[in-house]
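Morning, everyone. Let me put the structure up, and then we'll go through it piece by piece.

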Amino acid sequence: MTQLLEKRCQACSGETPALKPKEIFRLHEEIPEWLITTGRKLVRRFTCKDFEKAIEFVCRIAEIAEEEDHHPTITIDYKRVTFTIWTHAIDDLSENDFILAAKIDRAFAEGDYA
């Protein structure tokens, strides 16, 4: 995950190339707890201590998403928070998605949410 954490998300457009399966496999090794859906999206659910901690976690991720200018879909269900990430401009996966996922993982690990 270290390599992904050192990177920044790059501006995307409809011209951004989608990742090839080999690249997805390589990057997924750095964030193994994320599920890759058949629709080529990254999904992970986190369980927090309670609703208040879930909201704190979401607020922290909102800050990171703004810094990276790459925004996940977020679902909050009491103390469970689910993130779905893909590059909307191409409706597929790009390296940005893996960078953001790694940064979400780090924020959860470093925070007092669980």
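Start with K41 and W86. The charged end of K41 sits over the ring of W86, 3.9 Å from the ring centre. Here "over a ring" means NZ of Lys or CZ of Arg within 6 Å of the ring centre and within 35 degrees of the ring normal.

A word on the source. This is a predicted model, where local features need pLDDT of at least 70, side-chain atom pairs count only at pLDDT 80 or more, and totals for chains, interfaces and linings use all residues. Residues are numbered from 1 along each chain as its sequence is written, and side-chain values use heavy atoms, with hydrogens and water left out.

W86 also brings us to H70. Among the residues that H70 touches are C9, I85, W86, N96, D97 and L100, not counting residues up to four places away in sequence. Contact means heavy atoms within 4.5 Å. Where is H70 placed? In the loop between α3 (51–68) and β3 (73–77). Helices (H or I, at least four residues) and strands (E, at least two) are DSSP runs, numbered from the N terminus. H70 is buried, at a relative accessible area of 7%. The cut-offs: buried is under 20% relative accessible area, exposed is over 50%, partly exposed is in between, with a 1.4 Å probe and protein chains only. The H70 side chain makes a polar contact with the side chain of D97, at 2.7 Å. That term means a pair of N or O atoms within 3.5 Å; within protein, one must be able to donate a hydrogen and the other to accept it, and residues adjacent in sequence count only if both atoms are side-chain atoms.

Buried or exposed? 12 of the 16 residues of α4 are buried, so the helix is largely enclosed by the rest of the structure. The buried ones include N96, D97, L100, K103, D105 and F108. Their cover includes α1 (2–5), α2 (21–28), β2, α3 and β4 (80–85).

Now the rings. The whole structure holds eight aromatic pairs. Rings of Phe, Tyr and Trp (its six-membered ring) pair if their centres lie within 6.5 Å; planes under 30 degrees apart are stacked, over 60 edge-to-face, the rest tilted. F46 and F57 are edge-to-face, 5.2 Å centre to centre with 65° between the planes. This pair links distant parts of the chain: F46 is in strand β2, F57 in helix α3, 11 residues apart. F46 is buried at 2% relative accessibility, and F57 is buried at 0%. F57 pairs again, with Y113: centres 5.0 Å apart, planes at 45°, so this one is tilted. Together, W34, F46, F57, F83, F108 and Y113 form one aromatic cluster.

Last, two backbone points. R40 has a positive phi near 60°, and it is not glycine. R40 is in the loop between β1 (35–36) and β2 (42–47), and is partly exposed at 24% relative accessibility. D69 is another non-glycine residue with a positive phi, near 55°. D69 lies in the loop between α3 and β3, and is exposed at 60%.
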